[in-house]
Amino acid sequence: MAANNLALARRENLTIRQLYSRIAAGFGGRVLVGTPEMIVDNMVEWMEAGAADGFNLCPPVLPLGLDDFVEMVLPELHRRGLFRTEYEGTTLRENLGVPMPVNRYVAAAEAAE
């Protein structure tokens, strides 16, 4: 992918900004800028309209952008009761409600007994 982007930039004599504008458009991401309240209002609007059932964060600068989200937007989501403050399980699998797959080696050993 990076080689394709470099080739595109060279072929079309693009500046870094022009290249970014060209490839960022393909990500289909929505950019939210504003106060934490404005950002949460926008997220809620999308959820209530059925346009989204969750969000993937892609901050422009890591880790600062993610830190800002956690320190400012997440508390607003908590205040409104829109984001959990505790998890039921200790693993991602448990929290997603995905059952543990059967270990094929254990199953084979049990079947052989």
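**Ground rules.** I number residues from 1 along each chain as its sequence is written, and my side-chain values use heavy atoms, with hydrogens and water left out. In this predicted model, local features need pLDDT of at least 70 and side-chain atom pairs count only at pLDDT 80 or more, while totals for chains, interfaces and linings use all residues.

**Helix pair.** I looked up α3 (residues 36-48) and α4 (residues 64-79). Helices here are DSSP runs (H or I, at least four residues), numbered from the N terminus. The axes of α3 and α4 come within 9 Å and cross at roughly 55 degrees. Axes are lines fitted to C-alpha atoms, for helices over the stretch in contact, and angles run from 0 to 180 degrees between N-to-C directions. α3 and α4 are therefore oblique to each other. Angles under 35 degrees count as roughly parallel, over 145 as roughly antiparallel, 65 to 115 as roughly perpendicular and the rest as oblique.

I then listed the contacts (heavy atoms within 4.5 Å). P36, E37, I39, V40 and M43 in α3 meet M72, V73, E76 and L77 in α4. I sorted these contact residues into 7 nonpolar, no polar and 2 charged. Ala, Val, Leu, Ile, Met, Phe, Trp, Tyr, Cys and Pro count as nonpolar, Asp, Glu, Lys and Arg as charged, and the others, Gly among them, as polar.

**Pockets.** A pocket is an open set of points on a 1 Å grid over the protein atoms alone, where a 1.4 Å probe fits, with protein on both sides within 12 Å along at least five of seven lines; lining residues have an atom within 4 Å of a point. Grid points are joined across faces, edges and corners, and a volume is the space filled by probe spheres set on the points.

The largest pocket holds about 1200 Å³ of space. It has 33 lining residues, and R30, V31, L32, C58 and P59 are the closest to its centre. α4 gives the largest share of this lining, 6 residues.

The second largest pocket has a volume of about 380 Å³. Of its 14 lining residues, M43, F55, L77, L82 and F83 are the closest to the centre. Its lining divides into 11 nonpolar, 1 polar and 2 charged residues.

**Backbone.** Most residues other than glycine have a negative phi, and most peptide bonds are trans. I found a cis peptide bond from L62 to P63, with omega near 0 degrees. P63 sits in the loop between α3 and α4. N13 is not a glycine, yet has a positive phi of about 55 degrees. I placed N13 in the loop between α1 (2-12) and α2.

Conventions. Helices (H or I, at least four residues) and strands (E, at least two) are DSSP runs, numbered from the N terminus.
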